[in-house]
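Please take a look at the structure below.

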Amino acid sequence: MAQPDSKKIFFENLSGAGKAIAVLTSGGDAQGMNAAVRAVVRMGLYVGAKVYFIHEGYQGMVDGGENIREASWESVSSMLQVGGTVIGSARCKEFRTHEGRLKAAHNLVKRGITNLCVIGGDGSLTGANLFREEWSGLLGELVEQGSIQADAVQKYSALHIVGMVGSIDNDFCGTDMTIGTDSALHRIIEVVDAIMTTAQSHQRTFVLEVMGRHCGYLALVSALACGADWVLIPEMPPEDGWEDKMCQKLSANRAGMKRLNIIIVAEGAIDRNNKPITTEFIKDLVVKCLGFDTRVTILGHVQRGGTPSAFDRILASRMGVEAVLALLETTANTPACVVSLCGNQSVRLPLMECVQMTQEVQKAMDEKRFEEAVKLRGRSFENNLKTYKLLAHRKPESELPTSNFNVAVLNVGAPAAGMNAAVRSAVRVGISEGHKMFAVSDGFEGFYKGQIKEIKWADVGGWTGQGGSLLGTKRTLPAKHVDKIAEQMRKHNINALLVIGGFETCDRIKQSASGTKRRVFIIETMGGYCGYLATVGGLAAGADAAYIYEEPFDIRDLQANVEHLTEKMKTSIQRGLVLRNENSNENYTTDFIYQLYTEEGKGVFDCRKNVLGHMQQGGAPSPFDRNFGTKISAKAMQWISKKLVETFRHGKGRVFANTEDSCCLLGMRRRALVFQPVVQLKDDTDFVHRIPKEQWWLKLRPLMKILAKYKTSYDVSDSGQLEHVVRNRPKELDASVAM
């Protein structure tokens with residue numbers, strides 16, 4: 001039997017006994033901060049450390065007293081789904097002074113706190129690093145004042161800092177996503193979708209201002225996600241004469257029977273001379289030049305409000321756990337670090353390297369080096385901008401290349417939110433590459449029946465925010481109809497296929513339990529034999545258990561779970577959540593588990609069950625799905641264009657594609673988007689159950705169990721490596737599509 005990895009069972013090697021960890025939130029609030037606080041508290045307690053809340057940010061650290069309180073497991077219950085920060089956040093002028101930091105040091109030493117988790121923006125994290133650098137000097141001063149004993153200097157000789165970035169603007173270099181950004185995008189897209197209906201009714205132009213004084217991420221990605229006509233961001237001001245070009249674009253869209261126009265403006269938008277571009281200026285411009293009925297909507301602080309998205313809860317939970325691990329492994333010589341996201345992995349980066357690069361972006365903008373500012377934001381931001389320009393601004397026919405290739409797009413398998421965004425992206429990128437694009441209705445069934453027609457640029461306008469599959473999709477497999485499909489491909493001279501499809505909502509329920517006493521909900525999720533939805537849904541909603549096919553369970557496991565939940569119900573929590581993947585076990589059905597929990601929980605809690613069913617496939621796509629579908633489809637279309645050129649034989653005037661890499665699957669592997677030949681998937685796939693043999697997200701399951709108070713092992717083999725900020729990642733990376 002193989003020996004376990006030396007880092008595999010972290011609580012045997014990374015004990016927090018004797019350590020004190022404090023967590024604070026500082027600067028502006030962001031949805032997901034509470035999930036990070038919860039994860040720090042529970043992980044810290046799990047490893048045996050004392051954990052403290054510091055209320056009201058650095059102000060609470062300076063004031064001390066009741067602002068610094070010891071945390072318990074129960075004190076972070078029911079905060080996962082709450083927006084803002086329940087421990088408060090305040091900007092503190094006093095902490096910027098030496099005297100203020102001296103008071104803060106005294107308040108920490110009195111409680112034996114030498115480990116800080118700081119959740120905030122670059123200003124908050126910079127302040128934490130300065131505090132760390134001054135620490136030994138501050139202790140020396142406290143000894144001279146007689147405020148602490150001399151031996152305290154040796155005992156508390158080093159202050160360890162780990163940062164997590166909480167900022168809805170996604171304006172911090174070194175991480176693909178900051179806590180709160182995805183939730184803010186949800187708020188923006190909800191408003192945009194609502195406005196689009198009224199704008200269509202009255203043929204109006206809407207100018208929307210979103211947050212982002214120094215960073216245009218929210219404006220750019222929301223424009224990409226809703227198919228806005230024009231976007232203005234501080235990193236890339238429009239060229240001189242942009243006013244006429246914008247009006248021409250709006251007018252052309254109206255002439256093409258589009259009944260509305262959407263213009264999205266970052267609050268920090270500027271022109272090439274660093275002069276602000278305001279929403280009122282744009283409104284007056286459109287009215288004067290075009291006479292369109294134009295309205296302005298400023299979203300303001302609604303973008304900070306509401307419940308955090310599932311993405312932000314999972315991101316914050318993973319970062320919180322990683323922050324505690326980083327504190328346990330730190331030494332006196334370890335620089336302050338920030339926990340970041342790269343692809344679908346948590347990484348640690350030197351805090352000040354990230355801060356310095358973030359400051360370089362602003363400096364580049366101030367000095368009008370806008371191209372450099374975009375590059376400094378990172379490859380993800382740069383790719384977002386390129387993709388938006390590619391999809392939003394159609395080149396004149398005379399400027400388009402002529403490839404003479406025909407490319408067909410079809411959806412297969414079950415409908416999924418984001419499919420339409422992917423089709424729109426594929427069609428427009430294909431046309432930009434000079435191809436003739438064809439749409440296939442109803443998947444492979446429609447293909448062999450000849451339901452194929454050419455699709456134009458304007459045909460996919462407005463598709464980004466639509467749910468389901470507008471092309472239609474069926475589960476019909478191609479094997480039985482290969483000859484007929486081949487005949488249709490010859491008939492329409494199809495040179496390449498882009499296939500979008502699969503292998504061919506727990507939070508609100510938990511909130512409803514909040515108003516009741518001691519209730520457990522048993523929820524069945526979809527996913528076939530894949531337990532991803534149950535696992536990450538459980539992590540996002542704070543589930544007590546999630547049963548999946550990939551992790552076999554028996555009656556003893558079920559009984560242990562019931563007993564564990566019963567004990568928690570008696571002592572602390574008032575509600576529970578249990579998820580079950582639909583095919584996790586053919587005998588231990590949702591009804592069986594419901595009846596077991598009902599019987600064993602008598603006198604302690606009652607149960608309710610809910611089978612979510614196909615509602616999980618319905619509704620409008622999230623900002624993440626729109627963005628992911630758009631960018632991954634654009635990348636796939638560019639790959640197809642490259643392969644068509646490589647495999648075209650001029651002498652015969654045909655495409656000869658018979659190598660393994662002429663049929664690939666595009667997806668994310670660790671930190672990279674990878675094209676993998678389909679034939680190679682044979683060894684990696686369980687075809688009976690239609691799932692991969694190895695699934696990266698299974699590493700998240702122990703995290704869910706730890707946060708639900710189970711003793712378990714946790715693989716930290718990917719943790720512990722302090723990396724450095726990389727200015728230019730490999731080209732295949734586009735980690736904004738993480739998770």
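The paragraphs that follow move from pairs of helices to single residues.

This is a predicted model, in which local features need pLDDT of at least 70, side-chain atom pairs count only at pLDDT 80 or more, and totals for chains, interfaces and linings use all residues. Residues are numbered from 1 along each chain as its sequence is written, and side-chain values use heavy atoms, with hydrogens and water left out.

Begin with helix 7 (residues 181-202) and helix 8 (residues 217-226). Helices here (H or I, at least four residues) and strands (E, at least two) are DSSP runs, numbered from the N terminus. Helix 7 and helix 8 pack at an angle of about 50°, and their axes are 10 Å apart. Axes are lines fitted to C-alpha atoms, for helices over the stretch in contact, and angles run from 0 to 180 degrees between N-to-C directions. Helix 7 and helix 8 are therefore oblique to each other. Angles under 35 degrees count as roughly parallel, over 145 as roughly antiparallel, 65 to 115 as roughly perpendicular and the rest as oblique.

Which residues of helix 7 and helix 8 make the contact? Helix 7 brings Thr181, Ala184, Leu185, Ile188, Ile189, Val192 and Met196, and helix 8 brings Tyr217, Leu218, Val221, Ser222, Ala225 and Cys226. Contact means heavy atoms within 4.5 Å. Ala, Val, Leu, Ile, Met, Phe, Trp, Tyr, Cys and Pro count as nonpolar, Asp, Glu, Lys and Arg as charged, and the others, Gly among them, as polar.

Now turn to helix 2 (residues 33-46) and helix 11 (residues 310-329). Their axes come within 7 Å and cross at roughly 35°. This crossing is right-handed. On helix 2, the contact residues are Ala35, Ala36, Ala39, Val40, Met43 and Gly44. On helix 11, they are Arg313, Ala316, Ser317, Gly320, Val321, Val324 and Leu325. The classes here are nine nonpolar, three polar and one charged.

Helix 21 (residues 590-600) shows a buried side. Thr590, Ile593, Leu596 and Tyr597 are buried. Buried means under 20% relative accessible area, exposed over 50%, partly exposed in between (1.4 Å probe, protein chains only). These four cover an arc of only 130° around the axis, which puts them on the same side of helix 21. The arc is that of the directions from the helix axis to the C-beta atoms. Their cover includes strand 16 (519-525), strand 17 (545-547), helix 20 (555-571), strand 18 (575-581) and strand 19 (606-611).

Single residues come last. Threonine 279 is found in helix 10 (residues 279-290). Is threonine 279 buried or exposed? Threonine 279 is buried, with a relative accessible area of 4%. Leaving aside neighbours within four places in sequence, threonine 279 is in contact with Val207, Glu209, Val265, Val296 and Ile298.

Serine 15 lies in the loop between helix 1 (10-13) and strand 1 (20-25). At 42% relative accessibility, serine 15 counts as partly exposed. Serine 15 and valine 47 are 32 residues apart in sequence and 5.5 Å apart in space, C-alpha to C-alpha.

Notes. A crossing is left-handed if the near helix is turned anticlockwise from the far one by less than a right angle, and right-handed if clockwise.
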